Amino acid sequence: MDTYDGILIGAGHNSLVCAAYLAKCGLKVAVFESESEIGGAASTEEFLLPGYKSNMHANFFIGLEDFPIVNDLELSKYGFKWVTPEVQHAALYRDGTSVVLHRDVEKSVSSISRISKNDAESYNYLFERYAVELGPLLRSFLFHAPLSPEEIGNRITGEKGKELLSFAKMSIGEAIDTYFEHPKLRTLFKLFAHAITVEDEPGTGMFLPSLFSSQTTLGLSVGGALELPKSLEKLIKSYGGEVFRDCKVEEVYRENGNAGGVVLENGSKISASSFIASGLNAPSSIRIAGEDAFPEEVNEKMNNWDWGFHSLMTLHLALSEAPKYFAEKYDPDVAKSFNVIFGADTDEEVSKNTEERRSGKFPSMPMGNGACNSLFDSSYAPEDGHVAFWWPGAPYRIGGDSPEKWNEIKESVTQQLIDIWSEYAPNLKGNIIRAAKLYSPNDLNIRNKNIVEGAVRMGAYTSDQLGVNRPHPLLSGMRTPLEKFYLCGSSCHGGGLNGAPGYNAANAICEDLNIDKWWTQVPKPFLEN
Ligand SMILES: Cc1cc2nc3c(=O)[nH]c(=O)nc-3n(C[C@H](O)[C@H](O)[C@H](O)COP(=O)(O)OP(=O)(O)OC[C@H]3O[C@@H](n4cnc5c(N)ncnc54)[C@H](O)[C@@H]3O)c2cc1C
């Protein structure tokens, strides 16, 4: 039987981050991935045509330049590079106008002023307060196990703290409506937030300051999102660790009542002397570890885990030229924008879209964001081409049907989405599309078993599944009631493409093993004025 100090289940970027930190501590680690490629939802494929690279899931690295993982692990030495476009977001409207958000706040303010002077002031205020002044504090929240409400109350005090905590009582939609009055600005932020949560979800207001802390730092991984996991794999191997593909973990077995090792699908048993960390979603992790190791309240929550209803469908296009938007006449910077948002002009349209998806209907007005990555990194497409995608939200089950229904409607939905996109980018009506393919919420789950019910965040962001409740108060510190068994996946606090759960698990494991950390942990959030 093979023996390691530590075993990681799944080779999504979070498990790989955890493995990388611990391999650098001198521990002998092994990562087991069920699929033939690593990376999980950080995946890149030539999905359309040879030479056209599509990021199949995550595309936007939000706040990458501040992630401890990039600097601590010196990932550039292992091949990971990224670009951060100067023009970050463009929201497009049917009347040909737009709002463009830049890295340079003054340029953003001037773009918003053309639509609403008051909203430009609000933007400036929120940016200065939450991206500049409290930005480091907000970003540090991610890189710690969630603070208890009591600890938050003790650590975040004073007037600024009071203002920050006031967001927690609102939905993100209410927070947006509090600061912005023009429907064009409201739809911009509500649609951007749709990839995280829906605007009317109670208790999600803190996402607004958190979005502001990093919303103009969206990065694109050079060569594809898969380059991040590949660089982590290189690092792990250089420190003596191993990463195995096509090795599905079936169960965690126990030794003296603690997590002792894993059993693979082929029956082999692999033992771990110090720890096992699961990068799978929380319900799968608990199932694999054995429900009898957890109190009833944990099992009950896992059995009723809310995957959410806001999945994404992706229209991928291979093109002979980049989309040219009507709105470029209004603001030429639209042509240079990384994240492009369109499909809604008013709050009512956004709310209707949410209601339709909530009740399992295909949206009557698809809306969402997307990008033409080859404009920012030429390695995404051949010299004479471009590759682009658009991500409107959609339910996993349409009309309560089996998700297989998506296969029947793929062709017509592809054409419908091209038609809508062409209303904003008229050159798509010409002969410039070389290939078009829809990647549905059903495909998400087929490609990555960790994305249950098309849940892009491995569990909805509801107040019952956020903060110390994510995934459950007894599991939110990455440790679990089963000794030596840890969680390190995106159902934990801080999910998304930032490695936070992997980083937080590595910190917990190091502390439990009394190993000196070779890195300096991000300071704990503290605000007293
Ligand atoms: C369509 C889409 C768009 C997104 N866009 C963004 C974005 O732009 N920005 C952002 O920050 N986030 C985005 N996200 C979210 C982000 O991609 C995920 O939160 C993150 O990548 C998840 O990483 P992970 O390591 O926790 O899990 P995963 O990447 O899902 O990794 C889990 C791994 O475990 C493997 N596995 C499953 N079962 C087993 C088993 N039994 N044994 C062994 N291995 C197993 C899986 O194959 C997978 O490789 C998006 C997600 C989706 C789906």
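Biologist: Which domains is the chain divided into?
Modeller: Bounds here come from an automatic or database domain assignment. Each of the two is made of separate stretches: domain 2 takes 82–221 + 309–447, and domain 1 takes 2–42 + 226–306 + 455–512. So the chain is divided into domain 1 and domain 2.

A quick note: this is a predicted model, where local features need pLDDT of at least 70, side-chain atom pairs count only at pLDDT 80 or more, and totals for chains, interfaces and linings use all residues. Residues are numbered from 1 along each chain as its sequence is written.

Biologist: How many residues does the contact take from domain 1 and from domain 2?
Modeller: Two residues are in contact if their C-beta atoms, placed from the backbone, lie within 7 Å. On that basis, domain 2 gives 16 residues and domain 1 gives 21 residues.

Biologist: Which element gives the largest share of the side of domain 1 that touches domain 2?
Modeller: Helices are DSSP runs (H or I, at least four residues), numbered from the N terminus. Helix 11 (227–238) and helix 17 (500–512) each give two or more residues to that side. The largest share, 3 residues, comes from helix 17.

Biologist: Which residues are closest to the ligand?
Modeller: A residue counts as near if its C-beta atom, placed from the backbone, lies within 6 Å of the molecule. By that rule 37 residues surround the ligand, and the closest are G10, G12, G40, A41 and A58.

Biologist: Where does the ligand lie?
Modeller: Helix 1 (residues 13–23) gives the largest share of the shell, 3 residues. Domain 1 and domain 2 both give residues to the shell, so the ligand lies between them.
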